[in-house]
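Here's a quick tour to go with the model on your screen. Take a look at the chains, then read on.

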Amino acid sequence: MNRLFDNDWVGPALVCLVAVVGISILQPSFLSPFNILVLLSAIAVNMVIALGQLVIIAIGQMNLALGAFGGLVAICFVAVMELYGVPPVIALLIGLAIGTAAGAASGFVIARTGISAFIITLAGLQIFKGINLGITEAQPFYGVPQSVKDFGNHAIFGPIPWLIVPMIIASVGMWYLFNRLRIGRYILAVGGNRTAAELSGINITATIIWAHAISGLLAAIAGMMLVARLQIGQPTIGDDWLISSFAAPVIGGAVLAGGHVSVAGTFFGVVIIAIITQALVLFAIDPFVVQIVLGALILWAVGINRYREIRVAKLNEAR
Amino acid sequence: MTALKVSNVSKSFPGVKALDAVSMTLTGGSVHALLGENGAGKSTLIKIMTGIHAADQGEITMEGRPVRFANPRQAAAGGLGVVHQERNLVTRFSVAENIMLDRLGANSLSRVDYKALAAEASRWLKQLDLDIDPMTPVSRLSVAQMQLVEIGKALSLQSRVLLLDEPTASLTPSEAQVLFRILRKLRDDGVAIGFVSHKLEEVFDICDTVTVLRDGKNACDSQPLKTLNRDDVVKMMIGRAERISRRAPRPQPAAPPFFELRDYSSAAGHENVSLSVRPGEILGLYGLVGAGRSELAKAVLGLARQTGGEIRVGGKPVKIGSVAEALDLGVGYVSEDRKGEGLILLHSVLDNAGITVWKSLANALGFLRDGTVAQKVGPVLRKLEVKTPSLDQTIGNLSGGNQQKVSVAKWIAAGVKLLIIDEPSVGIDIKTKAYLHDLIHELAEAGTAVLLITSDLTEMVDVADRVAVMDDYRIEGLVENDRNYERVSTAIMALIHGREAA
Amino acid sequence: MTDVTADAMPARRQGSGLLRLLLSNEFGLAVLIAVAFGTFALTLPGFTSPFSLFTIGRQIGIDTMIGLAMMAVIVTGGLDLSVGAIGVCAAMVFGWLAQAMGVPLPIAVPMAILFGASLGFINGYAVVRSGVHSFIITLASMSIFFGIMIFLTKAQAFNQLPPEVTQFGKTRLFGMVSVLLVITLVVCVALSIFYRFTTLGRQMLAAGANPRAAELSGIRTGRVITACHMLTGALAALAGLMLTARTGAAVPSMAGHLGQDWLLPAFLAPVLGGTLLSGGRVSVIGTLLGAAFVTIMTSGLLLMRVGEFWILACLGLILLAAVLTDRLRQGVLRKRGLI
């Protein structure tokens, strides 16, 4: 039993279960097909965003520019389709390339200069956001092709949206990366004990660049998913990613110092946030309360993680 | 046969010559002890061998070929494995992954084949007689097992030379015996092993040859240990001249104790510690690494919770919750970790020396001027002959000895009545060391109570009036110091080992 | 290094002073400001008009204050993402007091600043007690502070403030100097004195540079770090009030979503000015010069009709350039043994 609770995802999963049961008793429309569709669409996008931050948390850093990457990719994605008539598939590839390149560039600067990721990604945030607004002059692009719009608001069957597909690919991919691929293990090794990783012959610079490139790639996917969901190329896409991108991984038991993350835990973190947001809407509570709840959730999760850390340390000492 | 040869290696750091034409030869199939007191140059030598520092002069050859490693990674690839004092493992990863960390796959996107890793790792674990599942996370292992995993990691790189830096520091005697059995086995397999330790018993137990460093020079270069006895080695480590104390035993002051612990227990693990220091007395606190001496000092200062017993200062029972409260009671602590805990390297000499007196010098509104602070600490710094271009100099630029003087000066300036000094002579030159010893005596003569913590027996015999011996977070007994090195050291060792030594 | 014994200790460092000065952040910034200002003054008509100088000075005043707020917590080696949220919250409290409650201004202003300090106290207390890095604590608190503020104000502005507020924001001395800039200069002087001549200020620097050593030297590090966060809160509140005086209203969106718009000026000014992100060293004058440089560049580029959005990108590049130059500069100084 105790062993089960040592898994990062069990706690958040239980919270999800209780929340779903509780809310649907109070408000049966919570489980209506439409509501589930809306919920799953939100979860799909937010999960990919959270994964983009998760890979940076794994290496013990942070990425403030995640939203700026996503926003820039989103408007570039629509812009090339609207202005140059590029087919959506090619536009998608261009978007992925931009996100990955932007991530790799910021990873390169961080790894080579040794300056804190915080300050570099803060500068990156400003640069990419500025380019975004410079291109769009803060006006949305409306020329989103029908196929992309359909992807964003159609269901595969029942209440299951198409948007869930990229989320599943990204989640399984990241789980596989962290558990089975050399680069994923190296990212965790550098985050867990940088000196040990370095002395063992791991190329720290390359590992950091990889992590940031993957983060950029995921931000790009999330940005384009949002274009499909919102049906327009909004320049404000990405502005509000920062808090939730940290909240979900932290709720999922990620260690902020690096070296330990949980994809499953992050998923349930995303679900908790989505359920609470949705519940506030259903109960007609001021949507800004979400901000308060998000902040409180982060503090709560940080507290729990801290408690678990201390407990593990005590157990190890006793042994 | 010669696996690794160090010839005439010299290395200088600003203000100090760390190594002066040092030589050492490690041979395959033998265990070689590298001995020396703190600051003798052992760690510098290891850092040069493994490429962390570059030598100014001299040559290192492995199996006849000159080598010059740029970093520890290259050294490992070249067959020189090191097991450092700090654990260098990713604790959340499995044993197998840690051993094979640099060989998880051909490229970044390769799949990690855990089965193959486990198979390869268990080969090395078997060689180390370590019966654990290679998929166990390292965090579940004991300290001794972690040590063996690190050795396994070094071996898996086909190391022909294995350097172990104080490998037994955090092991129990029986764990150490397991380690020695494995080292003997590796030796018989033809590995050249370099063994750094403070514990002479161990050295005589396992080593074949010995190199002793003293003040950055060879006191002996790769001699067979069979030709030497314990006294010879001690003589080489500390130098004959220093063994005869310059000081006569001092009469014990009659005043009642200024500082007293009665059955003191702490959350750090101390149990029923009792000791007392009178004004004008120098009480030594001796113990091996890990005995809980520095931890005692810090616990008493309020950094660990008191769980039992009593602290009395000036005859009255007190509770100390923080260093600030200790300072108010007249208790100061000079840390052994000068750079991490003693000084603020980024700040000036003046700020470092004045940090303890700011509060008392400031006016009612909390204002104070540099001039006021300089008036207070200037005379102390002058008295201690701190060499600095100006009071404004960043303290990180001073030599180790001068830094140490400043970290003592700040407590003298604060006028403490009990000064706890932890390993005062780590990383400073002989001259400053002698000076500090004189200073400690002067302080005691002036009525300060001194608690001296050191693992340097010579220093202990030379400076302390009485020696309290600590082992495993308890006080084992008290030895009166009559400056007779043989008698005192035998008595101390007897207390630590709980038996009469031969 | 020539050693002199303490007998002849000069009060100040000697030698290589010129190189040190030339390589200092403050000198570099002063040169950059002079060059930028000179270029714009010569090429852009209207750049030196009294009104232009007034608006530039006003902006320098506000940006410097935001930068000082962040600097006060960077001292500890930490940071405070919630400066913007605190600034806006304090401004809204001020608006509520002055407009809805009719509290006289001389009371409303200190109360708002006190309120900012108490929000800072919450941050500091949480950071010290939990031992979690200030990044994640203030990330959470920025969301909470801002959320509560929006919830209570229903996102409505207080725009019927007493006329003295707007009047104050428009006040010019000598026809071109904004009174907001004067306030900032006074705060700069006060902070310089604070860090150099008071016990608490020195303790903040010591606790920031090496908390362990400071604690072992008898400094109550926990309290001092909490005090740093309170100072940040108070300065952020002051910045929020100055912004209110400029706009003439307390607007919930004046620092963007969650107050995020303040993050760049908050870090740009201290980092340009040579405050160490790892803590333990501040430069109040550097922060002022950093904010001045950024404002002059922004104003000049705006007058040159560079789109305001591209200027955002430029500021990001300036931040990047600043940290990279700092690396180079430290390299040179270290090689010559000057730090």
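Two residues are in contact here if their C-beta atoms, placed from the backbone, lie within 7 Å. Keep in mind that this is a predicted model: local features need pLDDT of at least 70, side-chain atom pairs count only at pLDDT 80 or more, and totals for chains, interfaces and linings use all residues. Residues are numbered from 1 along each chain as its sequence is written, while chains are lettered from A and ligands numbered from 1 in the order in which they are written.

**Chain C as a whole**

- Chain C has 14 helices and two strands; these are DSSP runs numbered from the N terminus, with helices (H or I) of at least four residues and strands (E) of at least two.
- The C-alpha trace of chain C spans about 65 × 55 × 35 Å along its principal axes.
- Of the 339 residues in chain C, 53% count as buried, meaning that 20 or more other C-beta atoms lie within 10 Å of a residue's own, with C-beta atoms placed from the backbone.

**Two helices side by side**

- In chain C, the axes of helix H2 (residues 25-43) and helix H13 (residues 284-303) come within 9 Å and cross at roughly 25 degrees. Axes are lines fitted to C-alpha atoms, for helices over the stretch in contact, and angles run from 0 to 180 degrees between N-to-C directions.
- H2(C) and H13(C) are therefore roughly parallel to each other, a label for angles under 35 degrees.
- Among the residues that meet are C:Leu29, C:Ile33 and C:Phe37 in H2(C), and C:Leu289, C:Phe293 and C:Met297 in H13(C).
- The residues of this contact of H2(C) with H13(C) divide into 13 nonpolar, four polar and one charged. Ala, Val, Leu, Ile, Met, Phe, Trp, Tyr, Cys and Pro count as nonpolar, Asp, Glu, Lys and Arg as charged, and the others, Gly among them, as polar.

**Where chains touch**

- Chain C and chain A each put 34 residues into their contact.
- On the chain C side, helix H6 (134-153), helix H12 (263-272) and helix H14 (308-335) are the elements that give two or more residues.
- That side of chain C has 25 nonpolar, eight polar and one charged residues.
- Chain A also meets chain B, with 19 residues of chain A in contact with 19 residues of chain B.
- H9(A) gives the largest share of the chain A side there, five residues.

Terms used. Angles under 35 degrees count as roughly parallel, over 145 as roughly antiparallel, 65 to 115 as roughly perpendicular and the rest as oblique. A residue is buried if 20 or more other C-beta atoms lie within 10 Å of its own, exposed if 12 or fewer, and partly exposed in between; C-beta atoms are placed from the backbone.
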